[in-house]
Amino acid sequence: MTQGNNNGKGGSKRRSHNCSFCGKSDSESGPIIEGPDNTNICAGCVELCDSIIEQEKRKIKTSSPMFSTIPSPRSIKEMLDDYVIGQEKAKKRLSVAVHNHYKRLTLKDGKSGDVEIDKSNVLMIGPTGCGKTLLAKTLARFIDVPFAISDATTLTEAGYVGEDVENILLRLLQAADYDIELAQRGIIYIDEVDKIGKTNQNVSITRDVSGEGVQQSLLKLLEGTIANIPPQGGRKHPEQQYIQMDTSQILFICGGTFSGLADIIKKRLGRQKIGFGAEQIQQEAEKEKDNVLDKVTPEDLVHFGMIPELLGRLPVMTALAPLDEEALIRIITEPKNALIKQYQKFFALEDCELEFTEKALIAIAKKALIRDTGARAIRGVMEEIMIDIMYELPDQKSQEKYIIDEKIVEGESELFKSPPKRKKAKKEPA
């Protein structure tokens, strides 16, 4: 619609437009875009249309056969092999569990005729730095679904200082950009789940608000329920608006170190001995620790402090082995994101070449083993070795090959033998 307005002395007229969608004039809505056949649209309606289009795209994405081409367990494991070294049993069990879970999602309500397929949540047991979180992250990236990590140590029973278990779902919803349909098909990794074991050993007059109570709160979440999520997180209160999310299609992966679990298993197997030769037996026990964890049963975990109801909702249990020297060397060199490959790329960007000797790799692995934090120690060790080298690298000659040996790793020698010659700055004529 076009109107004529008298704009003062010269009698000049200004055309006023109305939005063809909301009917507002340009004085009310701001700039208006003119289209063919006297069709106009204001900035507010443009933003509204953009949000509607984005919502429709998401609907198409979630309603389309998102899981119609689910990779086989073998292809999932082969992908994990590119990023996670060792842990063959764990990778196989995870691959099968993830494949079956997303196959289940292709069925309506998890039912196929007269057969109802239950969820297969996963419990991973292993020492720190052995790859539990990396496995979960890599799986989520490969399957291309929202992924969220939560720390069980921050969770408390409702009504106490700390986080409610529903905040775990809020993180997943945020990872899905608040697309509920997409979030309900995501993966949640709950770390340090062993820290919520109930305290059997010490009798205390205080309530165990971060132990058995949290396990009880997690039961329905893991099994499948309609959870009320506070949009802004934090504590719940009666007048707050909630977002409802169905957890029956979310895959939960729980992980923990479970320190002391190996001793419980060995005691059950009758391998724990005392008296003469106990030190030698202890050394042998350390060597076979990974094999002992493979023999874990739900009864051992109940003795550790986990409630049977929670373990019943984590039917897939897998133990990860501690990393030895050979595994650490492979982690340094083989994965696609291996640290040595990253440093070699930095050198290549400076038109130089970098090489590590075999003895240097062994020395790095030994330094990492001393820290006793698994693969996490590798980056710290490498940073200590490379920080001065990376500082000097841009000032070195290009097209040179540099070799890092065990003496450089131990700090007994330097990679760059002499300081670089600084170029004198040219004086500008006055």
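**Exposure, cores and ring pairs**

Analyst: N38 counts as exposed, because its relative accessibility is 63%. The model is a predicted one, and N38 is found there in the loop between strand 3 (32–34) and strand 4 (40–42).

User: How far apart are the C-alpha atoms of N38 and C19?

Analyst: Along the chain, N38 and C19 are 19 residues apart.

User: How many disulfides does the count come to?

Analyst: A disulfide requires two cysteine sulfur atoms within 2.5 Å. For C42 the closest cysteine sulfur is that of C45, and because the distance is 3.6 Å, it is too far for a bond; seen from C45, the closest cysteine sulfur is in C42, again at 3.6 Å. The count of disulfides by this rule therefore comes to zero.

User: Is C42 buried or exposed, and what is the relative accessible area of C45?

Analyst: C42 has a relative accessibility of 3% and so counts as buried. C45 is likewise buried, and its relative accessible area is 10%.

User: Where does S25 lie, and which side chain does the side chain of S25 contact?

Analyst: S25 lies in the loop between strand 2 (13–17) and helix 1 (26–29), and with a relative accessible area of 12% this serine is buried. Its side chain makes a polar contact, at 2.9 Å, with the side chain of S27.

User: How many residues does the largest nonpolar core have, and which residues does L169 touch?

Analyst: The largest nonpolar core has 47 residues, and L169 is among those with the most contacts inside it, a group that also includes L123, L218 and F258. Leaving aside residues up to four places away in sequence, L169 touches I188, L221, A227, I229, M245, T247, I250 and F252.

User: How many residues are in the second core?

Analyst: This core is separate, and its members include L323, F347, I389 and I408. The second core comes to 33 residues.

User: How many aromatic pairs are there, and why is the pair of F258 and F304 called tilted?

Analyst: The count comes to four aromatic pairs. For F258 and F304, the ring centres are 5.1 Å apart and the planes stand at 55°, so this pair is tilted.

User: Which parts does the pair of F258 and F304 tie together?

Analyst: Both F258 and F304 are buried. Because F258 lies in the loop between strand 12 (251–256) and helix 9 (261–269) while F304 belongs to helix 12 (residues 298–304), the pair ties together parts that are 46 residues apart in sequence.

User: What are the centre distance and plane angle for Y343 and F346, and is F346 buried or partly exposed?

Analyst: Y343 and F346 form a tilted aromatic pair, with 6.4 Å from centre to centre and 55° between the planes. Since they are three residues apart in helix 15 (residues 339–349), about one helical turn separates them. Y343 is buried at a relative accessible area of 6%, whereas F346, at 42%, is partly exposed.

User: Which residues form one aromatic cluster, and over which ring does the charged end of R141 sit?

Analyst: One aromatic cluster is formed by F347, Y402 and F416. As for R141, its charged end lies 5.0 Å from the centre of the ring over which it sits, and that ring belongs to Y83.

Note on methods. Residues are numbered from 1 along each chain as its sequence is written. This is a predicted model: local features need pLDDT of at least 70, side-chain atom pairs count only at pLDDT 80 or more; totals for chains, interfaces and linings use all residues. Side-chain values use heavy atoms; hydrogens and water are left out. Helices (H or I, at least four residues) and strands (E, at least two) are DSSP runs, numbered from the N terminus. Buried means under 20% relative accessible area, exposed over 50%, partly exposed in between (1.4 Å probe, protein chains only). A nonpolar core is a set of buried Ala, Val, Leu, Ile, Met, Phe, Trp, Tyr and Cys residues joined through side-chain atoms within 4.5 Å. Contact means heavy atoms within 4.5 Å. Rings of Phe, Tyr and Trp (its six-membered ring) pair if their centres lie within 6.5 Å; planes under 30 degrees apart count as stacked, over 60 as edge-to-face and the rest as tilted. A charge sits over a ring if NZ of Lys or CZ of Arg is within 6 Å of the ring centre and within 35 degrees of the ring normal. A polar contact is a pair of N or O atoms within 3.5 Å; within protein, one must be able to donate a hydrogen and the other to accept it, and residues adjacent in sequence count only if both atoms are side-chain atoms.
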